[in-house]
Amino acid sequence: MKNMKKMKEREHAGGQIGILICAVVFLISSVEWGRTRMQAVREADTIAQLAELTRQDTGSVTQSWPSPQDDFEEGQEKGSSERKMPDQNLQEENFPEQEKDHETRDYAKLSRLNSDFAGWLWIPGTMVDLPVMNDPGDPQKYLRKDFFGKSSAGGSLFVAEGCGTESDCLLIYGHNMRNGTMFGSLKCYEKKEYWETHRWIHFYMPENSCSYEAFAVFRTTVSEPETVFEQETATGADADANAGGQGENFPYYRYAGNLNQEQFQNLIREVREYACYDTGIVPEYGDQILMLSTCSYHAKNGRVVVVARAAKGK
């Protein structure tokens, strides 16, 4: 009888320990979810306020303009956690109005606020509606920093080393975020049907703007240790497996910058060779090329890259 009693006591104690462990795991998960959600809302709030600044006639803008992140904790107490995430309205019928909005903004204000501001990237129908940063002296400066240089899990979109907005081949990096923000939507281009309705990419710079037509998307892996996004630190979701568009160690980033005719032709040939599908678009030497790169989880150190050409007369 005593043995039976001891066994029941052990089982009871074991059950209590199991419940305690589950409770601790749940609590940690809840805290982490809340922290991630709070940071996502804060980052969305920063972008929204930057966009609003470009619409306002505020005159001179200096570094003294308050960062939305400085005000976030106070705003949180007032219910700012209920603020909508960016680009909730992605309906095609709203694109003309959104395009007019972008074209009438004063992006030079953001340059005066932060000289690292390179331009504003917008892909209609996606959550890519974001500032792009460029610090030639420290190309990866914004990997985990926002527009104001503050710590940010999503970081900022940023121009790759060795190129600029006027380069023959402009390469922009961004994180593949699980909630679809930053460059989280680039993997959708692996399906041709998605490309057909999201082929246009717009880049608004302080002095001018340029529209690009996407003509290819490919997946590859990178092996060089100094390349930007390490898989173990990125935050993304697995991409669907796909038979095409996978090139092992295609060093596309080496083409960033100015290209002679041979280099340009080699780039286009390799991009089309590794592409997930054929769009029938073949850029010509003299067309500026835009590459948008983010992590892909089809392989270790995987990448998915959308490639576009500057549109003529658009």
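Q: Hi! What sits over the ring of tryptophan 120?
A: Hello! In this predicted model, the charged end of arginine 105 sits over that ring of tryptophan 120, 5.4 Å from its centre.

Q: Nice. Switching to ring pairs: how many aromatic pairs are there?
A: The count comes to 13 aromatic pairs. One of them joins phenylalanine 218 and tyrosine 252, with 5.8 Å centre to centre and 70 degrees between the planes.

Q: What kind of pair do phenylalanine 218 and tyrosine 252 form, then?
A: They form an edge-to-face pair, because planes over 60 degrees apart count as edge-to-face.

Q: And where in the chain are those two?
A: Phenylalanine 218 is in strand E6 (residues 209–221), while tyrosine 252 is in the loop between strand E7 (246–247) and helix H6 (261–274). They are 34 residues apart, and the pair links distant parts of the chain.

Q: Is phenylalanine 218 buried or exposed?
A: Phenylalanine 218 counts as buried, because its relative accessibility is 0%. Tyrosine 252, at 1%, counts as buried too.

Q: What other pair does tyrosine 252 form?
A: Tyrosine 252 also pairs edge-to-face with tyrosine 253: the centres are 5.3 Å apart and the planes make 75 degrees.

Q: Why is tyrosine 253 called buried?
A: Its relative accessible area is 16%, and under 20% means buried.

Q: Last one: which residues do ring pairs link into a cluster?
A: The cluster is made of Phe218, Phe250, Tyr252, Tyr253 and Tyr274.

Notes:
Residues numbered from 1 in each chain as written. Predicted model: local features only at pLDDT ≥ 70, side-chain atom pairs only at ≥ 80, totals over all residues. Heavy atoms only, no water. Phe/Tyr/Trp six-rings, centres within 6.5 Å; stacked < 30°, edge-to-face > 60°. Helix = DSSP H or I, 4+ residues; strand = E, 2+ residues; numbered from the N terminus. Buried < 20%, exposed > 50% of the residue type's maximum accessible area, 1.4 Å probe, protein only. Lys NZ or Arg CZ within 6 Å of the ring centre and 35° of its normal.
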